[in-house]
Amino acid sequence: MTATDIRPWSLIHGASWLTEDGTVWAVPGFHEDWIREHAGLLDGAANVCEVVLGKRWISVTCYDEGYVELLVPDRADPSVMARVERLLTANRPAWSSVLVMSMCEEGYSLCKASDLGPDGKLEPHHL
């Protein structure tokens, strides 16, 4: 499955990348294998952390029962969190909880679907 086969801002089961413009790249196996196969897209990034920090892409992993893990460059960056909120809003019925982990700081945020307000914003205490 290529990025052209996937609707922008989609959550797909398994691993994927979310780019800054909402493009979704499916990762059918291990991230490192995908990174090696798509080196031309990645400006020299060699692992997940380098892709997240260097390209500012979000690593998305969707598990069963609506659980999602997001690896983001920086939870304090408003543009990154706007992308997270747009992804979650666009897929509101598809997820029940999301773990947001930042590559540039310790800690994480665990959000439930009820933490996403009607305006598509996460409650501030979850950032």
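Accessible areas here come from the Shrake-Rupley method with a 1.4 Å probe, and for residues only the protein chains shown count as cover. On that basis the protein chain exposes about 6,600 Å², with carbon and sulfur atoms supplying 55% of it. The structure is a predicted model, so to speak for local features a pLDDT of at least 70 is needed and side-chain atom pairs count only at pLDDT 80 or more, while totals for chains, interfaces and linings use all residues. Residues are numbered from 1 along each chain as its sequence is written, and side-chain values use heavy atoms, leaving out hydrogens and water.

As for overall build, a compact globule of 127 residues would have a radius of gyration near 14 Å, and the protein chain agrees, at 14 Å (taken over C-alpha atoms; the globule rule is 2.2 Å times the number of residues to the power 0.38). Some 48% of the 127 residues count as buried, meaning under 20% relative accessible area with a 1.4 Å probe, protein chains only.

Turning to the fold, the chain has three helices and six strands, running β-β-α-α-β-β-α-β-β along the sequence. Helices (H or I, at least four residues) and strands (E, at least two) are DSSP runs numbered from the N terminus. The six strands make one open, mixed sheet ordered β2-β1-β3-β4-β5-β6, where pairing takes at least two DSSP bridges between two strands. β2 (24–27) and β6 (108–112) sit at the edges with a single partner strand each, so one side of each has no neighbour in the sheet. Further in, β4 (residues 67–72) and β5 (residues 97–102) pair in the parallel sense over six bridges; V72 has S102 in β5 as its bridge partner.

Conventions:
Buried means under 20% relative accessible area, exposed over 50%, partly exposed in between (1.4 Å probe, protein chains only).
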